[in-house]
Amino acid sequence: MQLFHGSDMVIPTPKILTPNRALDFGEGFYTTLNEAQARDFARKVMARNGSECGIVNVYEADVEVMRSELRCLWFDAPSEEWLDFVSDNRSGRVSCEYDFVYGPVANDDVFRTFIAYSAGILSRAETIERLKIKKLYNQLTFSSERSLGYLLFKSNYVI
């Protein structure tokens, strides 16, 4: 499976870094199957860091082998379990016990929905229904050093 990571640098050897903010799936190296999403993220990183260029790093990983050999958490679509996991991570209440996590991205377009859920304005069911009508991208987060051994750097390009 081809995976992409948007950045402002070439990353041939990914590392798990502690983020400076709470992320959907917690600490890890984030990739996506969606190349356009990686380009958008590279632009955001470039703007945030004042960099002159964005980079899309391209990787390969055999996800079926990973699923059989590693501890994984897999969300095909928004669900109550996914909502709870993302909410807990975004509030800093969880530490990941998985080697990798796959599922939808709770991106900026759905942030208001998450705020309404966190404030108790929306129920879990209402939140899931609202999220299902949004265009949600995906992410595959490598959460352990062991999982990074399954990720093979192939190339990169400047956007």
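Me: How many salt bridges does a search of the whole structure find?
Reply: Five. A salt bridge here is a side-chain nitrogen of Lys or Arg within 4 Å of a carboxyl oxygen of Asp or Glu. This is a predicted model, where local features need pLDDT of at least 70 and side-chain atom pairs count only at pLDDT 80 or more, while totals for chains, interfaces and linings use all residues. Residues are numbered from 1 along each chain as its sequence is written, and side-chain values use heavy atoms, with hydrogens and water left out.

Me: OK, which side chain meets D99 in a salt bridge?
Reply: R71, at 3.0 Å from N to O. The two residues are 28 apart and link distant parts of the chain: R71 is in the loop between α2 (63-69) and β4 (72-74), and D99 is in the loop between α3 (80-90) and β5 (100-104). Helices (H or I, at least four residues) and strands (E, at least two) are DSSP runs, numbered from the N terminus.

Me: Is D99 buried or exposed?
Reply: D99 counts as buried, at 2% relative accessibility. The cut-offs are under 20% relative accessible area for buried, over 50% for exposed, and partly exposed in between (1.4 Å probe, protein chains only). R71 is partly exposed at 47%.

Me: Moving on. What does E80 form a salt bridge with?
Reply: R124, with the closest N and O atoms 2.4 Å apart. This pair also links distant parts of the chain, E80 being in helix α3 and R124 in helix α5 (residues 124-132), 44 residues apart. Both count as partly exposed, E80 at 35% and R124 at 32%.

Me: And which residue does D84 meet?
Reply: R124 again, in a salt bridge of 2.4 Å from N to O. D84 is in helix α3, 40 residues from R124, and is partly exposed with a relative accessible area of 24%. Through shared partners, E80, D84 and R124 are joined into one network.

Me: Now the sheet. How many residues of β5 are buried?
Reply: Five of its five, and the strand is mostly covered.

Me: In which sense do β4 and β5 pair?
Reply: Parallel, over three bridges. Two strands pair if DSSP finds at least two bridges between them. W74 has Y102 in β5 as its bridge partner.

Me: What about β5 and β6, parallel or antiparallel?
Reply: Antiparallel, over five bridges, with β6 covering residues 138-142. On that side, the bridge partner of Y102 is L140.
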